[in-house]
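Let's walk through how to read a few features off a structure, one question at a time. Have the viewer open and follow along.

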Amino acid sequence: MTRGRRWSAAVLAVALLAGGCTDEDANARFRPGAADLGDPYVPGAGNGGYDVAHYALRVRYDPASDRLTGQATVTVTATAGLSRFQFDLAGLTVDRVRVDGAPATHRRDGNELMVTPAHGLPAGKRFTVEVAYGGVPQPLPSGELGDGGFHATGDGAIALGQPESASTWYPVNDHPSDKATYDLEVTVPDGLAALSNGVPKGQSSKDGWTTWRWSEGSPMASYLTTLVIGNYRVSTGTHAGKPLVTAVAAGLPADGPAARALARTGEVADFLAERFGPYPFDAYGGIAVADERIRYALETQTRPVYGPGFFRGDRPNTEVVAHELAHQWFGDSVSLSRWSDIWLNEGFATYAEWLWNEHDGVRTVAQAFADRYAVTDWTKPTVDPGRAAMFGDAVYQRGALAVHALRRAVGDETFFRMLRGWLAERRNGTATTADFIGYAERIAGRSLRPLFDAWLVGAGAPALP
Ligand SMILES: [Zn+2]
């Protein structure tokens, strides 16, 4: 859900009472929703004038033809009077759009789907949009992590990517500030797995096709959705009373480092929960893919996806598991309002690697800090690093240095109480750097502004408190 865009009862009442006006007045109340959310890191992404509550997606994918057909039912609340609104949708052909069951006109403009309902939608109105669509999905070019979006593989497909990927396989308000819950039904040829986020809701087969069902009941940012189809060894169990689903590509060794690292998912999640507070979601898991184009791991909600490069050695790489699972708290449960604050995700996830490595006997946090401090380029800012540097060392490593400086400044007891309180207060929401600093100062009972300025954006090496 988007914070700060809730309509008050008073505004709703005004909208409802305005029924006696002329047609001209009525038309004046409705304007086209904005074509993006004004985030300079992702021009064109997201859309204005509404807030999505839920996506119900039914997709069918045939690896033989690479063709996807989809039916999206999106539950939306207007946050302004809308004559027209837009979804992000890259490629694909839209066959039909309905708003509250009535046919709506639609057209495409680049990666936008513009929908004009038969009647204007008053501010505060909740409505459903059904979109029937299909085609051969494509990746989005130019992501700093490599192409994001829908990749056809030999045996299936992988839809994945940050900061954008969702619009390559369903119509979406593609910005983390508009989180929503999801239900997904994926139909694939019998014998293939179809993995996604959240709680598994069973499978059924008919006429050579199997439908896999998934449900994510906690609000999820669109870039944290994933769809992975293909030949996988799927393991379904429970951990701490919740479903745990891991999947390892059939092309990777059955007892290799990927399988052994993913097998420690529950243990790593428990370690982090002791420090960050209760695990925020209803399911656990992870997916190890074999496709070499996936050169990163991504914290897709409840079920991170790990590229093959993390598992080349003999030893299971649990550091990357700690990083992606830490994001379940930092990034997934508490999400970004804007991409320029991405250190709030990556600085804390990197610090979680340091905590885990200390616990796992690899090296101490103090050593990790010292090693990084020695090689840090202090001219590069951690906050608002620019789109080209959003996955750079200043965000990850300098961000983790700042987290450790905060810990040193306030002491261990206050630091971990601060993290748990922040995550509890902001759970399922979004936040900015200023929100975090304000919260930290409230818990510490003193100004921390000079500390954060020095460690996050100052141009010289600060002294450790
Ligand atoms: Zn990360």
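Q: What span should the 14 residues of helix α9 have, and what is the distance between its end C-alpha atoms?
A: The expected span of a helix is 1.5 Å times one less than its number of residues. For α9 (residues 412–425) that gives 20 Å, and the end C-alpha atoms are 20 Å apart, so the two agree. Helices here are DSSP runs of H or I with at least four residues, strands are runs of E with at least two, and both are numbered from the N terminus.

Q: Before we go on, what sort of model is this, and how are things counted?
A: This is a predicted model, in which local features need pLDDT of at least 70 and side-chain atom pairs count only at pLDDT 80 or more, while totals for chains, interfaces and linings use all residues. Residues are numbered from 1 along each chain as its sequence is written, and side-chain values use heavy atoms, with hydrogens and water left out.

Q: Which residues of α9 are buried?
A: Buried means under 20% relative accessible area, exposed means over 50%, and partly exposed is in between, using a 1.4 Å probe and protein chains only. In α9 the buried ones are T414, F415, F416, M418, L419, G421, W422 and L423.

Q: How does α6 do on the span and burial checks?
A: Its 17 residues should span 24 Å, and the end C-alpha atoms lie 23 Å apart, which agrees. On burial, 15 of the 17 residues of α6 are buried, so the helix is largely enclosed by the rest of the structure. After α6 comes G361, with a positive phi near 80 degrees.

Q: Which atoms are the protein donors of the zinc ion?
A: A donor is an N, O or S atom within 2.8 Å of the metal (3.2 Å for Na, K and Ca); water is not among the atoms, so sites may look incomplete. Here the protein donors are H323 (NE2), H327 (NE2) and E346 (OE), at 2.0 to 2.1 Å from the zinc ion. Along the sequence, the spacing of these donor residues reads H-x3-H-x18-E.

Q: Where do H323 and H327 lie, and are they buried or exposed?
A: Both sit in helix α5 (residues 318–329), four residues apart, or about one turn of the helix. H323 and H327 are both buried. In the loop between β22 (305–306) and α5 you'll find P316, which counts as buried at 15% relative accessibility.

Q: How many cavities are there of 30 Å³ or more?
A: Rolling a probe the size of a water molecule over the atoms shows where empty space is left. On a 1 Å grid over the protein atoms alone, a cavity is a set of points where a 1.4 Å probe fits but cannot get out, and lining residues have an atom within 4 Å of a point. Points are joined across faces, edges and corners, and the volume is the space filled by probe spheres set on them. The count comes to two cavities of 30 Å³ or more.

Q: What lines the largest cavity?
A: This cavity has a volume of about 80 Å³. Its lining has 13 residues, with Y182, L184, S196, N197 and M220 nearest the centre.

Q: How do strands β15 and β16 pair?
A: Strands of a sheet pair through backbone hydrogen bonds, either parallel or antiparallel. Two strands count as paired if DSSP finds at least two bridges between them. Strand β15 (residues 199–206) and β16 pair in the antiparallel sense over six bridges, and P200 stands opposite W214 in β16. The hairpin has two residues between these strands, and D207 takes a positive phi near 55 degrees there.

Q: In what order do the four strands of the open sheet run?
A: The order is β1-β4-β8-β7, with mixed pairing. At the edges are β1 (31–32) and β7 (105–109), each pairing on one side only. Strand β4 (residues 82–88) meets strand β8 (residues 112–116) in the antiparallel sense over four bridges, where F85 stands opposite V115 in β8.

Conventions:
On a 1 Å grid over the protein atoms alone, a cavity is a set of points where a 1.4 Å probe fits but cannot get out, and a pocket is an open set with protein on both sides within 12 Å along at least five of seven lines; lining residues have an atom within 4 Å of a point.
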